[in-house]
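Here are a few exercises to work through with the model open in your viewer. Try each one before you read its solution.

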Amino acid sequence: GEIYYSMKKYNNAISAFTRVFDYKDNNKASYAQYKLGLCYLNINDTNSAVNAFKKVVNNYSGQNDLVKKSEEFIQKYNK
């Protein structure tokens, strides 16, 4: 996902980051969820981006840094 993201191949990155959730008990889910939000922003799908960031806030409350960044994006893009 990171490689696709850095290459600006956001749809490929979305597919890769989404596959992270197929693995149980992984420590990358919160980060993958956050990166999904960024990918959606980059393809101008703000509704999906806001939904992805809301999932970070709701499902990964222990990830303070990601939650804070996600809340800022939600505030900026939630219509």
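**Exercise 1. Find which residues of α4 and α5 meet, and describe how the two helices pack.**

Solution. Start with the contacts, meaning heavy atoms within 4.5 Å. Thr46, Val50, Phe53, Lys54, Val56 and Val57 on the α4 side meet Leu66, Val67, Ser70, Glu71, Phe73, Ile74 and Tyr77 on the α5 side. Helices here are DSSP runs (H or I, at least four residues; strands would be E, at least two), numbered from the N terminus.

Next, the geometry. The axes of α4 and α5 lie 9 Å apart and the packing angle is about 145 degrees. Axes are lines fitted to C-alpha atoms, for helices over the stretch in contact, with angles from 0 to 180 degrees between N-to-C directions. Last, the hand: α4 and α5 make a left-handed crossing, i.e. the near helix is turned anticlockwise from the far one by less than a right angle (clockwise would be right-handed).

Before going on, some ground rules: the model is predicted, so local features need pLDDT of at least 70 and side-chain atom pairs pLDDT 80 or more, while totals for chains, interfaces and linings use all residues. Residues are numbered from 1 along each chain as its sequence is written, and side-chain values use heavy atoms, leaving out hydrogens and water.

**Exercise 2. Look for aromatic pairs and work out which rings form one cluster.**

Solution. Rings of Phe, Tyr and Trp (its six-membered ring) pair if their centres lie within 6.5 Å; planes under 30 degrees apart are stacked, over 60 edge-to-face, the rest tilted. Searching the whole structure gives five such pairs. One of them joins tyrosine 34 and phenylalanine 73: it's tilted, at 6.4 Å centre to centre and 50 degrees between the planes. Tyrosine 34 belongs to α3 and phenylalanine 73 to α5, 39 residues apart.

Now take phenylalanine 53 with phenylalanine 73, a stacked pair at 4.7 Å and 10 degrees. This one bridges α4 and α5, across 20 residues. Put together, Tyr34, Phe53, Phe73 and Tyr77 make one aromatic cluster.

**Exercise 3. Is tyrosine 34 buried or exposed, and what about phenylalanine 53?**

Solution. Buried means under 20% relative accessible area, exposed over 50%, partly exposed in between (1.4 Å probe, protein chains only). Tyrosine 34 has 8% relative accessibility, so it counts as buried. Phenylalanine 53 comes out at 1%, so it is buried too.

**Exercise 4. Identify the residues with the most contacts inside the largest nonpolar core.**

Solution. A nonpolar core is a set of buried Ala, Val, Leu, Ile, Met, Phe, Trp, Tyr and Cys residues joined through side-chain atoms within 4.5 Å. The largest has 19 residues, and Tyr5, Phe17, Tyr34, Cys39 and Phe53 have the most contacts inside it. Two or more residues each come from α2 (10–19), α3 (29–42), α4 (46–59) and α5 (64–77). The largest share is six residues, from α3.

**Exercise 5. What sits over the ring of tyrosine 5?**

Solution. Check lysine 35, which is in α3. Its charged end sits over that ring, 3.8 Å from the centre; the test is NZ of Lys or CZ of Arg within 6 Å of the ring centre and within 35 degrees of the ring normal. At 7% relative accessibility, lysine 35 is buried. Beyond four places in sequence, lysine 35 touches Glu2, Tyr5 and Phe17.
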